[in-house]
Amino acid sequence: MSFRAPRLVSDPAAFRPTLTVRPAVPLRRLACYPRHRAYLTIRASAVEAQKPNGAPAPPTQLPKSNILPIPGLIEPDPPSWPSEAARRSLYQSSLVDRVDGLYAKVVGRMPDWIKGSFYRNGPGKFEGAHAVFDGCAMVVRFNISGAENQVVVSQRFLETTYYQHYKATGKCGQISWRLAHDPGQCGSLHQLRYAGGLMKGALKHGVSMGDNALISIFAQGDKLVAHTETSAGTYLVDPDTLETLGRVQYKDKVHGMVKTAHPFFTRDGDIVNLAADFTPWWDGQYMRVPEITVCRQKPGSQDVREKIASVPYQRASRPTWVHQVPLSESWAVVIQNPAYYNVKAMVLGTPTKYMVFDWQPEDGTLIHAVRLDGSQVKSFRAPPFLATHYVNAFESEDGRFLHVDAAVTDDPSLMSHWTLANARAGPRLGKQIPNSVLRRITIDLEAPDGSYLGSPTLSLFQQLVPDELHGRSFELPSINPQYASRRHRFAYGTCAVRPTNAWNALCKLDTVTGDVKTWHEPGAVCWEPVFVPRPGAQAEDSGLALSTLMQADGRTALLMLDGSTFKEVARAVMPYGAPNGFHGCFVPAA
C-alpha cells in the first residue's frame, strides 16, 4: 500500500516519508524524515492522508454509536465536555514515541520578540497504570522562532528505570511505586503479589525504582532537570536533543526519600526545596526521627544541596505530603495540610479514598515559616485545607505579614479524580472535576510561635476574585516570573467551563480589581499556562501565556495568548496528539 506524504506541516514538500501498515495492528509507522529525523508511530486516523491522485481524503470520522438517541431521555453531549478524540489522545499511550525536528503548522502570527524553547513534562505511556500520575515520563520541546513564525517540535521518553521496566514488560508501574491502585484488586492475593513485586524491584533497582520523573521540568545551569516527588526521580536532560543524561546522585548530607515535585526559585536563581523521610534514620551519631529539611541549590549545582533548617512533621509517625514550598524574598513556607502518605497502601498496593493518601482534617494544618538564611523558624496552626499549588508568596512593606496565594480545596478529591477511568469518561458516566479556588493566606509573623491563624470573625482565607467566574476550578497557576517572591497583580491558570471532567479553559485573574478573563474552546483540554514576559516591558501583563492544548480533533497545539487582552495570538498545530504534560518551562534563546 502506498500513499503520498501526509500533511504534517505547512510545507509538505519538505519531506517524503513512506507509510506502511503493520499486520493486525491499526497503526501506521512513518519512516525517517530526510530533513528532520522523526521517528513516529501514528494512528491512521491521526494523519490527514492524501489519495494517490492528490485529492484530499475525507476527514476520518470517529466511530458512531448504533444506539439512536431517545428524545427526552438522552441529551446530546455538552460542548464543554472534552471530546472523545481529545480524551483518547490525552489518556492512552502516546502514538508517537520519538520526534526529532517536526515543523508544526502555525496558525496566526507570533510576535517577533519571542525566541526560545517551551518544554513540557508529563505521562506518555499508560499500560498497566490506574491513574494519570503513573504514566511513563515524556518530555516535549517546542522550539519557537517568532521572527520566522516557526515552531519545531521534538519529544522523547525519559530513560528512567521505570520506563526501562515498561519497555521490558509492557506494563507501566508493575514494580515501581504507584499513586493509585484498582479498587477491584484489593484482596490478600493481590497484596502479596504487589508487595513481592515491590520487594523484588527494590532488591534489583534500589531506590531508583521510584524514579518516574514526570511532574515538572526546569532549567538549571546549562541542563534541564526533570522532577517528581521522590529523590530518585531527578534526571538531567539535554535541552537540545532531549537525551536523558542520567539520574542526579546527590553528594551532600541532606537526607530524605521524597521532595517537592516542582520547586520555586529565589530571585538570584537558587532552587529552594525540601527533603523528607518516612522512617527514622541514622546520621552517623544519633538515630533521627523523620523530619522535613528545607534546603537550597545554587544555579550550577545539580547534585549538592545546602541545609537551611529542619522542621518537624505534624505527626512524627505519619509523613505529610507537601507538593510545593512557596517563597517570598526572605521566607520559605512549609504548609503541612493534614494529607498523609499511607505507607501500608503504598507497600501492599491497596487503594485508599485518596490514592495512597489519608485525609485527617481533625489535625488541622501546621504552617512553618523558615527564614531563607536559616536564622529563624516560626510555626503556626490553621484550619484544615489542602493547597495543591501555590501562585506566589510576598511580604508586606513593613515585613510583618507574609501573604501566600494558593489554589485551595477542601480535601484531596482533586488528586484522586485523576484515575484513567475518570479522565477517559464521557459526560454520561464521567465525574465533574472537583472545585479548586484562589485564596490568599496571610500569616502574622509577629504572632507568638504556635498561634492559631484565623478566627470565627477573621477568616484566614481572603477571596480575591469571584469563584464562579473561573468555574470554581482555578489550578496550575503561574505569574510573570519577574514578580516572583514579591507582590504581583495577575495570576494565570487553568479553569473550567462546566460541565467538564478536566480543565477546559484558561484564565487571567486580577487580584486587585477581581476581574477574570477566560479563554475556552469547545471540546478541548487545556493545561498549565506559562507566562513569558516581553523583553523590556514595563507592564506586568505584557507578554504571552503559553499552554499546550488538546484540540477537539485529538491533535495537540501550542497555544499563545496575549498576556494583556487574553486573546489568542497564534497556535502551532501538530499532526497528532502528544501529552499535554503537567508542568513546563520556557527557556529563552541565548
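Tutor: We start at the pocket, then move on to cavities, backbone, a sheet and charged pairs. First, some ground rules. The model is predicted, and local features need pLDDT of at least 70, side-chain atom pairs pLDDT 80 or more, while totals for chains, interfaces and linings use all residues. Residues count from 1 along each chain as its sequence is written, and side-chain values use heavy atoms, without hydrogens or water.

Now the largest pocket. A pocket is an open set of points on a 1 Å grid over the protein atoms alone, with protein on both sides within 12 Å along at least five of seven lines. Its volume is about 1200 Å³; volume is the space filled by probe spheres set on points joined across faces, edges and corners. The largest pocket has 43 lining residues, each with an atom within 4 Å of a point. Find Phe265, Pro481, Val530, Gly584 and Cys585: these lie nearest the centre of the largest pocket.

Strands are DSSP runs of E with at least two residues, numbered from the N terminus. S37 gives the largest share of the lining, with six residues.

Most residues other than glycine have a negative phi. Leu476 counts as buried because its relative accessibility is 4%; buried is under 20%, exposed over 50%, and partly exposed in between (1.4 Å probe, protein chains only).

Leu242 has a phi of about 65 degrees and is not a glycine. Find Leu242 in the loop between strand S11 (234–237) and strand S12 (244–247). Leu242 is buried, with a relative accessible area of 2%.

One peptide bond also deserves a look. From Arg498 to Pro499 the bond is cis, with omega near 5 degrees. Pro499 sits in the loop between strand S29 (490–495) and strand S30 (505–510).

A cavity is a set of points where a 1.4 Å probe fits but cannot get out. There are seven cavities of 30 Å³ or more. The second largest cavity holds about 80 Å³ of space. Its lining runs through Leu90, Tyr91, Pro123, Phe126, Val132, Trp527, Pro579, Asn580, Gly581 and Phe582. Eight of these are nonpolar, two are polar and none is charged.

Now a sheet. Strands S19, S22 and S23 form an open, antiparallel sheet of three, in the order S19-S22-S23. At the edges are S19 and S23 (377–382), each pairing on one side only. Pairing needs at least two DSSP bridges between two strands. S22 and S23 are joined by six bridges and run antiparallel. Leu366 faces Arg381 in S23, and Thr365 faces Ala382 in S23. S22 and S23 make a hairpin with five residues between them. In the turn, Gly374 has a positive phi of about 80 degrees.

The whole structure has 26 salt bridges; each is a side-chain nitrogen of Lys or Arg within 4 Å of a carboxyl oxygen of Asp or Glu. Arg315 and Asp363 make one, with N and O 2.7 Å apart. This pair links distant parts of the chain, 48 residues apart. Arg315 is in the loop between S18 (306–312) and S19 (331–336), while Asp363 is in the loop between S21 (357–359) and S22 (365–371). Arg315 counts as partly exposed because its relative accessibility is 28%.

Arg109 and Asp112 form a salt bridge, with closest N and O atoms 2.9 Å apart. Arg109 is partly exposed at 43%, and Asp112 is exposed at 52%. Asp222 and Lys223 form another, at 3.2 Å between the closest N and O atoms. Asp222 is exposed at 57%, and Lys223 is partly exposed at 25%.

Technical notes:
Helix = DSSP H or I, 4+ residues; strand = E, 2+ residues; numbered from the N terminus. Nonpolar A, V, L, I, M, F, W, Y, C, P; charged D, E, K, R; others polar.
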